[in-house]
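Please brief me on the salt bridges, the ligand shell and the sheet of the structure shown here.

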Amino acid sequence: MIEMKKVTKKYSNGTTAIRNLSITINQGEFVYVVGPSGAGKSTFIKLMYREEIATKGTLNVCGYDLLTIKNRNVPYLRREIGIVFQDYKLLPQKTVYENVAYAMQVIGKKPREVKRRVLEVLDLVGLKHKVRVFPDELSGGEQQRVAIARAIVNTPKVLIADEPTGNLDPENSWEIMELLERINNQGTTVVMATHNSTIVNRIRHRVLAIENGRITRDQDEGDYGYDD
Ligand SMILES: Nc1ncnc2c1ncn2[C@@H]1O[C@H](COP(=O)(O)OP(=O)(O)OP(=O)(O)O)[C@@H](O)[C@H]1O
């Protein structure tokens, strides 16, 4: 599903963010990516959806070889991957409904299918009653739930979340985690970068620790005592 072999990413300014990293993530897994600031977590995640391109090594994501993939096929790769950011990145001029619908409209889905599916995912995230509201009228937790609805509306195989609870208080963070758990239980692979050791220690999943561009720990569910 996601396979990286001996991947190195060197930025044009000379910074090597990922060093000779190899990893396999299987369909249906939930994986935390942890590590100190500047360790390479975001770069690791960006390589998966080809926001950044590896300098060396091989990457295969959802059946696409990211080294040889043609530019015209990148949108198809991205359809397999939903992405959630710390700062939500909703479109401020669009309503909740429009934010989620847009992700389907740009890939040419029929209006009737869009309406059915958008209402379905907004129901899943508990925001069906907010369809006409604009993002700045929502709390941070609600905005993140809209962002998650948008990320899953095209039923991706993988959901990537870069610090999804980074701007949220504990209560909202737990709500977001419950939602990610539910999405994972429906079969979607979840890869989540986080600094939140309380979450990592309480909701047990595989943990990849990255430091200085290398995996320093790859631990299955169990006893981590992770503390950032
Ligand atoms: N676009 C870029 N150009 C040059 N260097 C970059 C770029 N993006 C990240 N870096 C550098 O690569 C290294 C890894 O950064 P990255 O953002 O992947 O770390 P991170 O673990 O996600 O950090 P944080 O937890 O602070 O978000 C850092 O040294 C950073 O300064």
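The briefing below goes by topic.

This is a predicted model, in which local features need pLDDT of at least 70, side-chain atom pairs count only at pLDDT 80 or more, and totals for chains, interfaces and linings use all residues. Residues are numbered from 1 along each chain as its sequence is written, and side-chain values use heavy atoms, with hydrogens and water left out.

**Salt bridges**

- The structure holds 8 salt bridges, each a side-chain nitrogen of Lys or Arg within 4 Å of a carboxyl oxygen of Asp or Glu.
- One of them joins glutamate 52 to lysine 9, at 3.6 Å from N to O.
- Glutamate 52 sits in the loop between helix H1 (41-48) and strand S4 (56-61), and lysine 9 in strand S1 (residues 2-10), so this pair ties together parts 43 residues apart in sequence.
- Helices (H or I, at least four residues) and strands (E, at least two) are DSSP runs, numbered from the N terminus.
- Lysine 9 is buried, at 9% relative accessible area, while glutamate 52 is partly exposed, at 21%.
- Buried means under 20% relative accessible area, exposed over 50%, and partly exposed in between (1.4 Å probe, protein chains only).
- Glu29, Arg206 and Asp218 are linked in a salt-bridge network.

**Pairs within helix H4**

- Glutamate 120 forms a salt bridge with arginine 116, with the closest N and O atoms 3.4 Å apart.
- These two residues are 4 apart in helix H4 (residues 111-124), a separation of about one helical turn.
- Glutamate 120 also meets arginine 117 in a salt bridge, at 2.5 Å from N to O.
- Arginine 117 and glutamate 120 are 3 residues apart in H4, again about one turn of the helix.
- An α-helix has 3.6 residues a turn, so residues three or four places apart point the same way.
- Arginine 117 counts as buried, at 14% relative accessibility, whereas glutamate 120 is partly exposed, at 40%.

**Helix H1**

- In H1, 6 of the 8 residues are buried, so the helix is largely enclosed by the rest of the structure.
- The buried residues are Lys41, Thr43, Phe44, Ile45, Leu47 and Met48.

**Ligand shell**

- The ligand is surrounded by 13 residues, the closest being Ser37, Gly38, Lys41, Ser42 and Thr43.
- By class, the shell has 4 nonpolar, 8 polar and 1 charged residues.
- Ala, Val, Leu, Ile, Met, Phe, Trp, Tyr, Cys and Pro count as nonpolar, Asp, Glu, Lys and Arg as charged, and the others, Gly among them, as polar.
- A ligand oxygen lies 3.1 Å from a polar backbone atom of alanine 39.
- For glycine 40, a polar backbone atom is 2.9 Å from a ligand oxygen.
- For serine 42, a backbone N or O atom is 2.8 Å from a ligand oxygen.
- The protein covers 62% of the 630 Å² of accessible area that the ligand has on its own, by the Shrake-Rupley method with a 1.4 Å probe.

**Sheet**

- An open sheet of 4 strands has the order S2-S1-S4-S5, with antiparallel pairing.
- Strand S2 (16-25) and strand S5 (64-65) are the edge strands, each pairing on one side only.
- Two strands pair if DSSP finds at least two bridges between them.
- S1 and S4 run antiparallel and are joined by 5 bridges.
- Methionine 4 stands opposite leucine 59 in S4.

Technical notes. Near = heavy atom within 4 Å. Polar contact = N/O pair within 3.5 Å; in protein donor to acceptor, adjacent residues only side chain to side chain.
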